[in-house]
Every structure is written in C-alpha cells, then in structure tokens.
Amino acid sequence: MSVNPNEKPEEGGEKPEAPETPVKPGTPVAPGTPASPVMPEEPVAPAVEGGESAPEAAAAAPGGRAGAGAPSGRRRLADALWPPRVTRAQLVVALLLACLGFGLAIQVSSTSEGSALRGARQEDLVRILDELDDRTQRLEDEKARLEKQRAELESSSDQAEEARRQTQEKERQLGILAGTVAAEGPGITLTVTDPVGAVESDMLLDAIQELRAAGAEAIQVDGVRVVANSYFTGGGEDMRIDGTPVTAPYVFKVIGKPEDLEPALNIPGGVVQTLEKEQATATVERSAKIVVDALRPAKRPDYARSSSP
C-alpha cells in the first residue's frame, strides 16, 4: 500500500511507525523486540608512536586545539626557573661561597708574591737564609747590649758617672749615624760604572737600602755622606745626592760586616743584577779598614727640644 506524503493522517487512524534505531553489534536485545538494522562499527584511530592515540597526539602537538589550554614542557620549565625564587638557605650558601672565593684570591696573591724566589738557585736561597740569620743575630746582640747597660746603671755605685760615660758613648754613635763625625772600620767598597748613562737615582737608592738592611753603619758616595734623610735625584750625567752633583763611576764606601754586605748586593734580582740589565757594572771589594770621612754639618732642630732635665 502506498502512502501519499502530502496527505494528512486521518484522526483515529494509525500513526506511522517511528524509524527504527540502529543497534550496535554486540548489544543484547530483549525478547520480542523487533530486529533493528545493525550499525557498523566506528573506525578506531590508529595509534601513533609512543603509545598515544591520534586524538591524544593532536592534543599534545603544538598548535593543536586540544593542547591549546595546557602549557608545554618548555613553558613549564621556564615558569619554574624565572622569576627565581631565592630561599634563605641559598643566600647563606652564596655568602659562604663568596667568602671562600675571596680567601682563595688572597691566598693566590700572597703565593705569587714569593714567586720571585722560586727560580733562585739553591746556593742563593742558602745565602738569603744566612743573611736573615745574621740580621736576627745582630738584633739579639743589640738587645743584649742594651740590657747590659741597664744592669750597669742599676748596679753601679756612682750612677751619675756611669750615666755620663754611656751618654758620651751614645753621642759618638749618634754622630756616626748623623754623619757629623768620621768613622772607620771593616766594610766594602762598591764601584758602579755607567758607560751608557742608564743608571737612575732610584737604582742607587736601592743599593743604599740594601746596604742598610744588611747592617751598614756608615755610607759615603763620591765624597757625600749618606744619612737617614739623604735623597737622590736625577740620573745619568745629572745625578745628585742631597743636591750635590756626583758622576760615574759611583764609589760607595760602606762600614759594616763584609760577610753580610756583599751577599746582600748579589741576591737574585738584587742591585748587581739590576745594574747589569742596564749595561752597568758593579764590583764589590772587601776591606778590613774603610774610612768614611765625609761630614755633614750639625743642624740644630727648629722645634724639637730634649725632654731630659
């Protein structure tokens, strides 16, 4: 029987049957239920490498609609690293590391200061050690002498006479140091030749300092008495000591222990090697008697006065 789709169903007539709902395969059907057409199975999306399905891979892929709301791994790592979150423990560790680095820098600096002696020969190191021992011995002798003077002053029956005698002795010693009296004794003669005029005033001053450190008690250079307040200026053909011109060869007359004075000039990197680098020569000659007769006028101090009664 054919049904015209344009015709309306009559009232009281039978209603058209509802379309049958397709049933998926494997779905149980109640008894007496009319059979429905079987719905074909939906195709299963192929799995991608790594065990993820295609939808999951699309969600994880950059730019995918499913992954648009979830941050990527790099984004999560960047969010974890910046801005940095510093804790108190990290600050303490950073402070300790900074202190450790500062200490290591000081240690390296102090170690590099002694690197000048690393290349020295064994005999040079022995000589330097002997010189230090000699300086220590001189200080010990000076200490013993002062203690003896104090004991003599305390035990002498005529303390006034003993004090006068020691004062005169001290005056002679200070006169030698001040250059107001002549002196003689064992020592050395240092002769510095300068054929090219390369010797500067600071080189001669270094020689004076080395000699004083080795125990020199009186020094004279080309007829000029060198004392504590002496100064060197110029260089080459215009060398001056305390304003007095001196010319090469420069002759140093030094009173002191020769066994200490000569090694002090020949230490590695010392006066002799420095002068040789400037094409100058320095010769040292020991002598049992050196006369230092250049004098300086006694100068009265302008402000200082003796505090003794």
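Me: Into how many nonpolar, polar and charged residues does the lining of the largest pocket divide?
Reply: The model is a predicted one. In the lining of its largest pocket, the polar residues number four. The remaining classes of that lining are 13 nonpolar and 11 charged residues.

Me: What is the volume of the largest pocket, and which residues lie closest to its centre?
Reply: The largest pocket has a volume of about 890 Å³. Its lining consists of 28 residues. Those closest to the centre are E142, L177, G215, A216 and E217.

Me: Which element gives the most to the lining of the largest pocket?
Reply: Two or more residues of the lining come from each of α4 (122–155), α5 (159–178), β1 (183–193), β2 and β3. The element that gives the most, with six residues, is α4.

Me: Are the residues on the two faces of strand β2 buried or exposed?
Reply: In a regular strand, side chains alternate between the two faces of the sheet. In β2 (residues 218–221), A218 and Q220 lie on one side, while I219 and V221 lie on the other. Both faces are covered, and these four residues are all buried.

Me: Which residue in β7 is the bridge partner of V221?
Reply: Strand β7 covers residues 250–255 and pairs with β2 in the antiparallel sense over four bridges. Within β7, the bridge partner of V221 is F252.

Me: Which residue in the turn between β2 and β3 has a positive phi?
Reply: β2 pairs with β3 (residues 224–226) in the antiparallel sense over three bridges, and Q220 has R225 as its bridge partner there. The two strands form a hairpin with two residues between them. In that turn, the residue with a positive phi, about 50°, is D222.

Definitions and conventions
Residues are numbered from 1 along each chain as its sequence is written. This is a predicted model: local features need pLDDT of at least 70, side-chain atom pairs count only at pLDDT 80 or more; totals for chains, interfaces and linings use all residues. Side-chain values use heavy atoms; hydrogens and water are left out. Buried means under 20% relative accessible area, exposed over 50%, partly exposed in between (1.4 Å probe, protein chains only). Two strands pair if DSSP finds at least two bridges between them. On a 1 Å grid over the protein atoms alone, a cavity is a set of points where a 1.4 Å probe fits but cannot get out, and a pocket is an open set with protein on both sides within 12 Å along at least five of seven lines; lining residues have an atom within 4 Å of a point. Grid points are joined across faces, edges and corners, and a volume is the space filled by probe spheres set on the points. Ala, Val, Leu, Ile, Met, Phe, Trp, Tyr, Cys and Pro count as nonpolar, Asp, Glu, Lys and Arg as charged, and the others, Gly among them, as polar.
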